[in-house]
Amino acid sequence: MHNHPHNHTTNQTTKRLALSLALTAAFVVIEITAGIFGNSLALLTDAAHNFTDVIALGLSWYAVRLATQPAHAGKTFGYHRAGILVALVNSTTLVLIALGIFYEAYHRFITPPEVDSTILIGVGALAFLINLVTAWMVKDGSEHDLNLRSAFLHLMGDVMSTLGAVVAGIIIAFTNWNWLDPLVSVLIGFFILWNAWSILRQSIHILLESTPESIDMDSMIESLLKTDGVRGVHDLHVWSINESLRALSAHIVTDDISVSECAHIQQNLNELLSRQYNIQHTTLQLECAGCQHDLLFCDISDIRHEHPTQIYGAE
């Protein structure tokens, strides 16, 4: 029964993504047509970014649905990493788009074409409103979901680019400074790159199973060692399945005590890790003092453990 609120949230998220996808796809056609007739790189740039938004939203929608599938023998962690893979793809496409924008803008700086400012302003204003609405629909939940945040940043890139296109169109209408059109495109390109790097870095961080950035390992080890019955900690690993789901595995050294006493220690450790570090998935191997000791952070490529012993807490 406790899964129902989660399922309801997931259903609402997929509906919002689907609606955003439909609105964005419809507007791409309008914006490409307007950009061609208006001879505006800013509009064509935004249309290209909107097209990648269609892809990004489609992938995000699929990843959200896929993540709800249960774990099985072939995928024992389920499909929680699907969203991280989508975030990686989305951020990579953002980088490629920005590079394409810079290339085209360079040629337009050399020979600025005539820009129809009326079309640029009208279509840009409409695009701004549509992008703002779709970004708002996707924002909910993006603070703690890298997949949704990558889609949200795609859309916010469009919000900024269309706003820039409108401003450029207004200035061009009064000054005929057609070079403003590629200049706005370059500024949009840098904004896209900045957003892409943030998502790309976090995606790689998670896929490399790095320690979550918000966790202070020294503080965690100190907290574990202060738990009653814990004599040492080694072979410690902390990583993220996705941005909000963390996992930990460790060997915990105790005295030579009964199984029931070990279970009590394990429960206290689980509560500590959940409360202070938001780690819900833990694998703790309890062993008595005198057992074989491994490194605090074990190098899994060296199964013979030929490194010097480096265990915390045990004497």
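What follows is a short walk through the fold, the aromatic contacts and the salt bridges of this chain. The model is a predicted one, so local features were kept at pLDDT of at least 70 and side-chain atom pairs at pLDDT 80 or more, while totals for chains, interfaces and linings use all residues. Residues are numbered from 1 along each chain as its sequence is written, and side-chain values use heavy atoms, with hydrogens and water left out.

The chain holds eight helices and three strands, taken as DSSP runs numbered from the N terminus (helices: H or I, at least four residues; strands: E, at least two). Read from the N terminus, the order is α-α-α-α-α-α-α-β-β-α-β. Of the 315 residues, 44% count as buried, where buried means under 20% relative accessible area, exposed over 50% and partly exposed in between (1.4 Å probe, protein chains only). The accessible surface comes to about 16,400 Å², with 63% of it belonging to carbon and sulfur atoms; areas come from the Shrake-Rupley method with a 1.4 Å probe, and for residues only the protein chains shown count as cover. Among contacts with a separation of 6 or more, 73% are between residues 24 or more positions apart, a contact being heavy atoms within 4.5 Å.

Helix α6 makes a handy reference point. It spans residues 180-207, 28 residues in all, and reaches 40 Å from its first C-alpha to its last, close to the 40 Å expected (1.5 Å times one less than the number of residues). After α6 comes E209, with a positive phi near 55 degrees.

Two aromatic pairs turn up in the structure. Rings of Phe, Tyr and Trp (its six-membered ring) pair if their centres lie within 6.5 Å; planes under 30 degrees apart count as stacked, over 60 as edge-to-face and the rest as tilted. F102 and F190 form a tilted pair, 4.9 Å centre to centre with 45 degrees between the planes. This pair links distant parts of the chain, as F102 sits in helix α3 (residues 82-110) and F190 in α6, 88 residues apart. The rings of W177 and W179 are stacked, because their centres are 5.7 Å apart and their planes at 20 degrees.

W177 and W179 also belong to a nonpolar surface patch, together with F109, L163, V167 and I171, with about 530 Å² of accessible area together. Helix α5 (residues 146-175) supplies the largest share, three residues. V167, which lies in α5, is partly exposed at 42%, and W179 is partly exposed at 38%.

Four salt bridges were found, each a side-chain nitrogen of Lys or Arg within 4 Å of a carboxyl oxygen of Asp or Glu. E209 pairs with R81, the closest N and O atoms being 3.7 Å apart. Here the loop between α6 and α7 (217-226) is linked to the loop between α2 (41-67) and α3, across 128 residues. R201 and E213 come to 2.7 Å between their closest N and O atoms; R201 lies in α6 and E213 in the loop between α6 and α7, so this bridge ties together parts twelve residues apart in sequence. R201 is partly exposed at 35%, whereas E213 is exposed at 55%. E222 bridges to K226 at 3.2 Å between the closest N and O atoms, both within α7 and four residues apart, about one turn of the helix.

Terms used
Patch = residues over 30% accessible without salt bridge, like charges linked within 9 Å, V, L, I, M, F, W, Y side chains within 5 Å.
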